[in-house]
Amino acid sequence: YKEAIVIDPKDEDANAYESLFKSMKDYLWIAVIDTHTHADHISYASDLSKKIGAPYVMSEKAISPRIDLRVSPKPVAEIPARSGPIRFISTPGHTPDSFTILWG
């Protein structure tokens, strides 16, 4: 299997994400991730995660009640993937719950 993650999906692009998912049927979807709490747009992460069967991931500092997996990037958190761990590195600044993703 090929692996994929979705990062910071916007609600306004829902149709594009769903088309992409349908065209990538041979992929294993690892996670749908919001790198921080979004005040600039409505996140589609929670809804998309349910549609594709992958966990919705955010920082443990995020206030959303819809998160499936909260990561604690102090200084680094990881979730497993076949191609190598997906690492979350705390990078507060834009928002207190911001993190950077390193995969591979």
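**Entry 1: Asp-8**

I began with the side chain of Asp-8 and found that it reaches the backbone nitrogen of Thr-35 at 2.7 Å, a polar contact being a pair of N or O atoms within 3.5 Å, where within protein one must be able to donate a hydrogen and the other to accept it, and where residues adjacent in sequence count only if both atoms are side-chain atoms. I note that this is a predicted model, in which local features need pLDDT of at least 70 and side-chain atom pairs count only at pLDDT 80 or more, while totals for chains, interfaces and linings use all residues. Residues are numbered from 1 along each chain as its sequence is written, and side-chain values use heavy atoms, with hydrogens and water left out.

I placed Asp-8 in the loop between β1 (2-7) and α1 (14-23), with helices (H or I, at least four residues) and strands (E, at least two) taken as DSSP runs numbered from the N terminus. Not counting residues up to four places away in sequence, Asp-8 touches Tyr-17, Ile-33, Asp-34, Thr-35, His-36, His-38 and His-41, contact meaning heavy atoms within 4.5 Å. I also looked up its backbone: Asp-8 is not a glycine, yet has a positive phi of about 50°. Most residues other than glycine have a negative phi.

**Entry 2: strands around β3**

I then followed the pairing of strands, for which DSSP must find at least two bridges. Strand β2 (residues 27-33) and β3 run parallel and are joined by two bridges, with Ile-33 opposite Val-57 in β3. Three bridges join β3 to β4 (residues 69-71), again in parallel, and here Val-57 stands opposite Leu-69.

**Entry 3: the largest pocket**

I looked up the largest pocket next and read a volume of about 240 Å³. On a 1 Å grid over the protein atoms alone, a pocket is an open set of points where a 1.4 Å probe fits, with protein on both sides within 12 Å along at least five of seven lines, and lining residues have an atom within 4 Å of a point; the volume is the space filled by probe spheres set on the points, which are joined across faces, edges and corners. Of its 17 lining residues, Asp-34, Ser-43, Tyr-56, Met-58 and Ser-64 are the closest to the centre. The elements giving two or more residues to this lining are α2 (45-52) and β3 (56-59), and α2 has the largest share, three residues.

Ser-64 I found in the loop between β3 and β4, where a polar atom of its side chain lies 3.2 Å from the backbone nitrogen of Arg-66. Leaving aside neighbours within four places in sequence, Ser-64 is in contact with Tyr-56 and Arg-70.

**Entry 4: the whole chain**

Finally I read the order of elements along the sequence as β-α-β-α-β-β-β-β-β. The C-alpha trace spans about 35 × 30 × 20 Å along its principal axes.
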